[in-house]
Amino acid sequence: MQKTLEKPRVVILGAGFGGLTAAKAMADFADVTLVDRHNFQTFLPLLYQVSTAGLAADHVAHPIRGALRKSGVAFRMGSPISVDHKNKSVKLDSSEILEFDHLVVALGSATSDFGLPGVHEHAFGMKSVHDAITIRAEVMRRFEDLCRFEDETVLSIAVVGGGPTGVEMAGAFAELVRGPLKNDQAHAAAHIDIYLIEAGPRLLPSFSASLCARTKKDLEKLGVKVRLNTAVAAITPRMIEVKDGESIPSEVTIWAAGVQGEPTATKLNLPLIDTRIDVEQTLQVKNYPYIWAIGDIAGIKGKDKRYLPMVAPVALQQGKFVARQIKRVLEATPLLPFAYRDKGSMATIGRHKAIVEVKSFKLVGIPAWYAWLFLHLFYLLGGHNKIGTLADWTWNYLTFDRGNRHIMDSM
Ligand SMILES: Cc1cc2nc3c(=O)[nH]c(=O)nc-3n(C[C@H](O)[C@H](O)[C@H](O)COP(=O)(O)OP(=O)(O)OC[C@H]3O[C@@H](n4cnc5c(N)ncnc54)[C@H](O)[C@@H]3O)c2cc1C
């Protein structure tokens, strides 16, 4: 009689883009336990729409247990506090100990303040649904304050960081002000300034120069004050201090300027490289062949010797890849190096304004905007979220309104 092989125990830390994909991809040949501090997965690319009142917070969060239904994958809500490498087990903050044959670390990334004074205290990060709701509440609360004034008092909102998140957010704030807030109270809306501050010489440095220039022009058309070559030195409660330049007023500062590997990784006793876990090209952690790291937390370099970007496609591809690698270990076949397939990038600036770049192919304006909408709707998890998002977007599009302007951070 043929002996059935026992399924390996795999523990995956983090149920984001990488972790959830990996869990589903190995469910048929492994006993998988997925761990996350939240009971939902956040669709980070649309988070900025929650903070700018375009989408309800529920629509960007998908219950992990719902995503795993019928997959056979177990879920634990909690955080890892240590790894026992001798006994191959991970301890969670609930005190539960999970034993594993393979451990996959997919903890993502966190906001980095580059050690600049005041960022942590006086700026808002944008890494979670909670952050997004807090920003929305703060902006709407300041707007309500401004509505009391009939003089020339100005409210300044500044987004620091000219990458996709900063660009999308600044554009969405400008549209919020020009549309819904203007209809709510025109005098107050006319006294809101939106700044986008970037240390480098151009926005969206990963896109080609012509698309960067187009983005700047589109943002300026929306009324955003774009400040390039403007390196932040410090943030104070009402001001952004700039290196070698004039300070910029800012009552609400959003920090979209930097990310680093999720600090929880430091508790796992694994080798780190520049805040990320040091991995081989196979995605195995250096010197720990039974531990793997994927997504934002994995410090892996591409052909150009630079770290792979912290973007969802890298995490999704590595999630599937790590499942195949673990299967290769079980089948005793040689492991392969991970190769990232870059399918291009896109960013939206506002209604009918977006850019798409796939190698030398470029798309701008209305077709790019529809491509952006379609792709984000496609990748959003869960029918409930897709329908809810489509409903919010249709409402926003047809009425020029935004129905999610609630102040709901504290009740
Ligand atoms: C605001 C924003 C917008 C973005 N927009 C885009 C975009 O438009 N396109 C794009 O391609 N990429 C975008 N990204 C980047 C993209 O979301 C990430 O590259 C991707 O999510 C990485 O996947 P991951 O699985 O490594 O991490 P994540 O998807 O972040 O998942 C990490 C998981 O680990 C969990 N976790 C973290 N710490 C702990 C802990 N201590 N205990 C337990 N669980 C923990 C988290 O809750 C999370 O579920 C954006 C990121 C942000 C923040």
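**Entry 1. Helix α1 and its cover**

I looked up what covers the buried residues of α1, and found that the cover includes β1 (9–13), β2, β3 (40–42), α3 (64–68), β9 (102–105) and α9. I took contact to mean that the C-beta atoms of two residues, placed from the backbone, lie within 7 Å. Helices (H or I, at least four residues) and strands (E, at least two) are DSSP runs, numbered from the N terminus. I noted that eight of the 10 residues of α1 are buried, and the helix is thus mostly covered. For burial I used 20 or more other C-beta atoms within 10 Å of the residue's own; 12 or fewer means exposed, anything in between partly exposed, and C-beta atoms are placed from the backbone. The buried residues are F17, G18, G19, L20, T21, A22, A23 and M26.

I record here that the model is predicted: local features need pLDDT of at least 70 and side-chain atom pairs count only at pLDDT 80 or more, whereas totals for chains, interfaces and linings use all residues. Residues are numbered from 1 along each chain as its sequence is written.

**Entry 2. Domains**

I checked the domain assignment, which gives domain 1 (9–37 + 78–111 + 260–330) and domain 2 (119–257 + 344–399). Such bounds come from an automatic or database domain assignment. The C-alpha centres of domain 1 and domain 2 lie 32 Å apart.

**Entry 3. The shell around the ligand**

Which residues come nearest to the ligand? I found G14, G16, G18, G108 and G295, out of 33 residues around the ligand. The elements giving two or more residues to this shell are α1 (17–26), β2 (31–36), α2 (47–51), α6 (164–184) and α9 (312–330). A residue is counted as near if its C-beta atom, placed from the backbone, lies within 6 Å of the molecule.

Domain 1 and domain 2 each supply at least three residues to the shell around the ligand.

**Entry 4. The largest nonpolar core**

I looked up the largest nonpolar core, which has 114 residues; I12 and V105 have the most contacts inside it. The largest share of this core, nine residues, comes from α6. Each of domain 1 and domain 2 gives the core at least three residues. A nonpolar core is a set of buried Ala, Val, Leu, Ile, Met, Phe, Trp, Tyr and Cys residues joined through C-beta atoms within 7 Å.

For V105 I listed the contacts, leaving out residues up to four places away in sequence: L13, A265, L268, I277, I291, A293 and I297.

**Entry 5. The parallel sheet around β12**

I traced an open sheet of five strands in the order β11-β18-β12-β13-β14, with parallel pairing. At the edges are β11 (123–124) and β14 (225–227), each of which pairs on one side only. Two strands pair if DSSP finds at least two bridges between them.

Strand β12 (residues 155–160) pairs with strand β18 (residues 252–255) over four bridges. Within this pair, A158 stands opposite T253, and V160 has W255 as its bridge partner. With strand β13 (residues 192–197), β12 pairs over six bridges; here A158 stands opposite Y195.

Is β12 covered on one face or on both? I found both: L155, I157 and V159 on one side and S156, A158 and V160 on the other are all buried.

Strand β17 (residues 248–249) runs antiparallel to β16, with two bridges between them. In that pair M239 stands opposite P249. The hairpin of β16 and β17 has five residues between the strands, and D244 in the turn has a positive phi of about 50°.

**Entry 6. T215**

I located T215 in helix α8 (residues 209–221). T215 counts as buried because it has 27 C-beta neighbours inside 10 Å. T215 touches V167, L203, L204, I349 and I355, again not counting residues up to four places away in sequence. I also noted K353, 138 residues away along the chain, whose C-alpha atom is separated from that of T215 by 8.5 Å.
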